[in-house]
Amino acid sequence: MIEDELIKIWQSSSNQERIKFEKSKLMIEVQSSLKRLDKWWNYIELSETVLAIFGVLLCTFLLFKIPFILTKTALALMIICAVYLIIKYRGVKKFQPSDLENNYLNYLKKNREYLEAQKKFLKTYFYWGILPVYPIMLLFTISVWEKAPIHLIALINGATIGIGIYGYFLNKKRVKREITPRISGINELINQLEQ
C-alpha cells in the first residue's frame with residue numbers, strides 16, 4: 001500500500017524534482033563511499049607505517065649485531081627504504097580534502113584529486129615497493145651466502161618475491177575495485193552539478 005502511494009507521488013512529481021532527488025541520492029551515495037574509502041586508506045596507511053617502523057627497528061638492531069659489512073649495508077638500505085615508504089604514504093595524505101571546503105563542487109573536485117593521487121600511488125607500486133627492495137635483498141643474499149643455511153636464504157628470498165608479487169596484484173585489484181569506481185561516481189556527480 002505504501003509502495004503504491006510512493007509510486008504515485010513519484011509519477012506525479014515534476015522532472016525538476018526528480019532530478020533534484022536523483023542528485024541528492026547520488027550525493028549521499030558518493031559521500032558514504034568516500035567515507036568508507038577514507039577509513040580503508042587510513043587502515044592501509046597505518047598498517048604499512050607500523051610494519052615499516054617495525055622493519056626499521058629490527059634492521060637497526062641487526063645493524064649493530066651482525067658484523068659483516070655487506071649485511072650492514074643491506075640493512076642500512078632497508079632502513080632508508082622503509083623510511084621512504086612512510087614518506088610516500090604520508091605524501092598522498094596532503095591531497096586529502098577537508099570537510100570544510102567552500103562548496104560541495106570544490107569538495108568533490110578535491111576528492112577526485114585525492115583519489116587520483118591514491119590511484120597513481122598504488123599503480124606505481126612496482127617502482128617504489130619492488131624495484132628498491134629486490135636489489136637490497138640480492139645484496140643481503142650475497143652477504144650471507146656462505147654464512148647461512150641455503151634453505152633459510154631461499155625462504156627469505158622466496159618470501160620477499162612472493163610478498164612483492166602479492167602486493168603488486170593486490171594494488172592492481174584495489175585500484176580496479178575500490179578507487180576507479182569512486183572516481184567515476186564523483187565524475188558523474190560533478191557533471192550533474194555543473195549542468
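# Helix packing and pockets: worked exercises

In this predicted model, Leu-70, Thr-71, Thr-73, Ala-74, Leu-77, Met-78 and Cys-81 of α3 are in contact with Val-133, Ile-136, Leu-139, Phe-140, Ile-142, Ser-143 and Val-144 of α6.

**Exercise 1.** Classify the residues in the contact of α3 with α6, then describe the geometry of the pair.

*Solution.* 
- Step 1. By class, the residues of this contact comprise eleven nonpolar, three polar and no charged.
- Step 2. The axes of α3 and α6 lie 8 Å apart, and the packing angle is about 160°.
- Step 3. Angles over 145 degrees count as roughly antiparallel, so α3 is roughly antiparallel to α6.
- Step 4. The crossing of α3 and α6 is left-handed.

**Exercise 2.** Find the angle and axis distance for α6 and α7, assign the relative direction of the two helices, and list the residues that meet.

*Solution.* 
- Step 1. α6 packs with α7 at an angle of about 175°, and their axes are 11 Å apart.
- Step 2. The two helices, α6 and α7, are therefore roughly antiparallel to each other.
- Step 3. On the α6 side the contact is made by Val-133, Tyr-134, Met-137, Phe-140, Thr-141 and Val-144. On the α7 side it is made by Ile-153, Ile-156, Asn-157, Thr-160, Ile-161, Gly-164 and Ile-165.
- Step 4. The residues of the contact of α6 with α7 divide into nine nonpolar, four polar and no charged.

**Exercise 3.** Describe how α4 and α7 cross, and give the classes of the residues in their contact.

*Solution.* 
- Step 1. The axes of α4 and α7 cross at roughly 160° and come within 10 Å.
- Step 2. That angle makes α4 roughly antiparallel to α7.
- Step 3. The handedness of the α4 and α7 crossing is left-handed.
- Step 4. The contact of α4 with α7 has twelve nonpolar, five polar and eight charged residues.

**Exercise 4.** Characterise the largest pocket by volume, central residues, contributing elements and residue classes.

*Solution.* 
- Step 1. The volume of the largest pocket is about 1200 Å³.
- Step 2. The largest pocket is lined by 37 residues; Leu-51, Met-78, Leu-85, Val-133 and Ile-163 are the closest to its centre.
- Step 3. Two or more lining residues come from each of α2 (15-65), α3 (69-93), α5 (125-130), α6 (133-144) and α7 (150-194).
- Step 4. The element that gives the most to this lining is α2, with twelve residues.
- Step 5. The lining of the largest pocket has 28 nonpolar, seven polar and two charged residues.

Key. Residues numbered from 1 in each chain as written. Predicted model: local features only at pLDDT ≥ 70, side-chain atom pairs only at ≥ 80, totals over all residues. Heavy atoms only, no water. 1 Å grid on protein atoms, 1.4 Å probe; cavity = no way out; pocket = protein on both sides within 12 Å on 5 of 7 lines; lining within 4 Å. Points joined across faces, edges and corners; volume = space filled by probe spheres on them. Helix = DSSP H or I, 4+ residues; strand = E, 2+ residues; numbered from the N terminus. Nonpolar A, V, L, I, M, F, W, Y, C, P; charged D, E, K, R; others polar. Axes fitted to C-alpha atoms, helices over the stretch in contact; angles between N-to-C directions. Parallel < 35°, antiparallel > 145°, perpendicular 65-115°, else oblique. Left-handed = near helix turned anticlockwise from the far one by under 90°. Contact = heavy atoms within 4.5 Å.
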